[in-house]
Structure formats: C-alpha cells, structure tokens
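Here is a friendly briefing to read alongside your model. Please have the sequence and the 3D view open as you go.

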Amino acid sequence: MNTEEVELLSDSKYRNYVAAVDKALKNFEYSSEWADLISALGKLNKVLQNNAKYQVVPKKLTIGKRLAQCLHPALPSGVHRKALETYEIIFKIIGPKRLAKDLFLYSSGLFPLLSNAAMSVKPVLLGLYETYYLPLGKTLKPGLQGLLTGVLPGLEEGSEYYDRTNTLLEKVAAAVEQSAFYSALWGSILTSPAVRLPWGVLCSAAPQSQALHGGPALRHGQRH
C-alpha cells in the first residue's frame, strides 16, 4: 500500500470503496464457469465506475491478477471483451502518470492477448493501446519490448488488422524514439520465436536495407 492510498484511508468514503472492491473480488473466487467471470467483472466495473472520483484504485495487485486470468486464451471472447472493458475503466480513472507507474501490473495480461484473440476482441485491444499506451511516450520504454512482442502478431499476412497494427507500431516508434524502438524490436525478435514470422512479412514488403537497419519508418512496410 503506497503513501497516497494510506492517506486516502482517512476518508470514510474511500474505505467504503475498498470494502466494495474486496466484495467484488470475492466473486472471482466462486466463479466456476465463464459466465460467472463475466458477472464478476460486471460487478467490479460497477464499483470502479461508482468511485471514479478516486484516482487511486484499491487492491490493484489483486485486480491486475484477476484481469490477467480473465484474458487466458482458453476463455471465450465474451470474457476477454468484458475484461478489456474493465481495463479501460481503470485507465480512464488512473490517468497516464499512474498507468506508466503501474505499467507491468496491467500489461502482463494484455500483452499476450493479441495472438490468441478472437476477431471481435482484436480491435478493442488495439484501441486500448492507441488510446492509453501511445500517450505515455517515453515512459512506455520499460514495457516496450513486451508491447512489441504483443503487437507484432497483428502483422500476420492477410490480417485485416495489418495496416492498423503497422500504423500503431509507427506511432510507438515516434513516441519512444527510434533507437529505443529498434533496440526493443530486436530484443523481441531474438527472444520470441512467435513474432519472427510476422516481422518477416513486414521485412519482405519493405526495402530490405530500411527494414533490417532501423529505417526511418515502418510505413515502407505497408502492402500496396
């Protein structure tokens, strides 16, 4: 518990908020079917929205853990979409500075999702990255390799989200500086075999010297 949260505990309404979050989180413990998870997420969302004036979300470690569990690839897309709704509620509440501080807490569930996501889930996930991650700018650097590993599968040849993913990567490169971007990109390619094929697709469509030597933009990799 950080200093800010300790200070808020002197507020009786915030203490009620903590108790309500605790109660909402208990529902996950009793979930035995995917429909139970959607219900539990809905109750948590309601508590968060009713207390949106507080930028400090209580029990964030447990919330982050539960959300990551709800994005497990074995679960249906309905659970994934509901969990992404929760992420968006939280990101709106906490703002960019707190998101940057808690980047790993919330990203551990999000980053692996795109490669396993249903078609109805992918645009929602990309929207979260576009709306809440891009504005983080250079503060995104600590999680950059994880983000790229998570986003590169969207470059799969024939994917209807190829262009949108490519544009997102261009904007990330501009936001964090290209040297940091390409360093993280090569780290992702070296450590994650799953991203090598989509990166190869991009390279094959780009002038080779630019693709392999950190060219000025990924735009050259767009298909024509």
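What covers the buried residues of α3 includes α2, α4 and α5 (77–101). Here, buried means under 20% relative accessible area and exposed means over 50%, with partly exposed in between (1.4 Å probe, protein chains only). Helices (H or I, at least four residues) and strands (E, at least two) are DSSP runs, numbered from the N terminus. Please keep in mind that this is a predicted model, where local features need pLDDT of at least 70 and side-chain atom pairs count only at pLDDT 80 or more, while totals for chains, interfaces and linings use all residues. Residues are numbered from 1 along each chain as its sequence is written, and side-chain values use heavy atoms, with hydrogens and water left out.

**The chain as a whole**

- The protein chain comes to twelve helices and zero strands.
- Buried residues make up 47% of its 224 residues.
- Among contacts (heavy atoms within 4.5 Å) with a separation of 6 or more, 69% are between residues 24 or more positions apart.

**Helix α3 and its two sides**

- With 17 residues, α3 reaches 25 Å from its first C-alpha to its last, close to the 24 Å expected at 1.5 Å a residue; the expected span is 1.5 Å times one less than the number of residues.
- The buried residues in α3 are Leu37, Ala40, Leu41, Leu44, Asn45, Val47 and Leu48.
- Seen down the axis of α3, these buried residues fall within an arc of 165°, so they line one face of the helix; the arc is that of the directions from the helix axis to the C-beta atoms.
- Lys46 and Asn50 are exposed, on the face of α3 turned away from its buried side.
- Which residues does Asn45 touch, leaving aside its neighbours within four places in sequence? Asn45 is in contact with Lys82, Glu85, Thr86 and Ile89.
- Asn45 itself counts as buried, at 2% relative accessibility.

**Aromatic pairs**

- A search of the whole structure finds eleven aromatic pairs. Rings of Phe, Tyr and Trp (its six-membered ring) pair if their centres lie within 6.5 Å; planes under 30 degrees apart count as stacked, over 60 as edge-to-face and the rest as tilted.
- One of them joins Tyr14 and Tyr54, with ring centres 5.1 Å apart and planes at 70°, so this pair is edge-to-face.
- Tyr14 lies in helix α2 (residues 12–29) and Tyr54 in the loop between α3 (34–50) and α4 (60–70), so the pair ties together parts that are 40 residues apart in sequence.
- Both partners count as buried: Tyr14 at 0% relative accessibility and Tyr54 at 7%.
- Phe181 and Tyr182 also pair edge-to-face, because their ring centres are 5.2 Å apart and their planes are at 85°.
- Phe181 is buried, with a relative accessible area of 1%, and Tyr182 is buried at 9%.
- Tyr87, Phe91, Tyr106, Phe111, Tyr129, Tyr132 and Tyr133 form one aromatic cluster.

**Helices α9 and α10**

- Helix α9 (residues 162–176) packs with helix α10 (residues 178–191) at an angle of about 125°, with their axes 6 Å apart. Axes are lines fitted to C-alpha atoms, for helices over the stretch in contact, and angles run from 0 to 180 degrees between N-to-C directions.
- That makes α9 oblique to α10; angles under 35 degrees count as roughly parallel, over 145 as roughly antiparallel, 65 to 115 as roughly perpendicular and the rest as oblique.
- Leu169, Val172, Ala173 and Val176 in α9 meet Gln178, Ala180 and Phe181 in α10.
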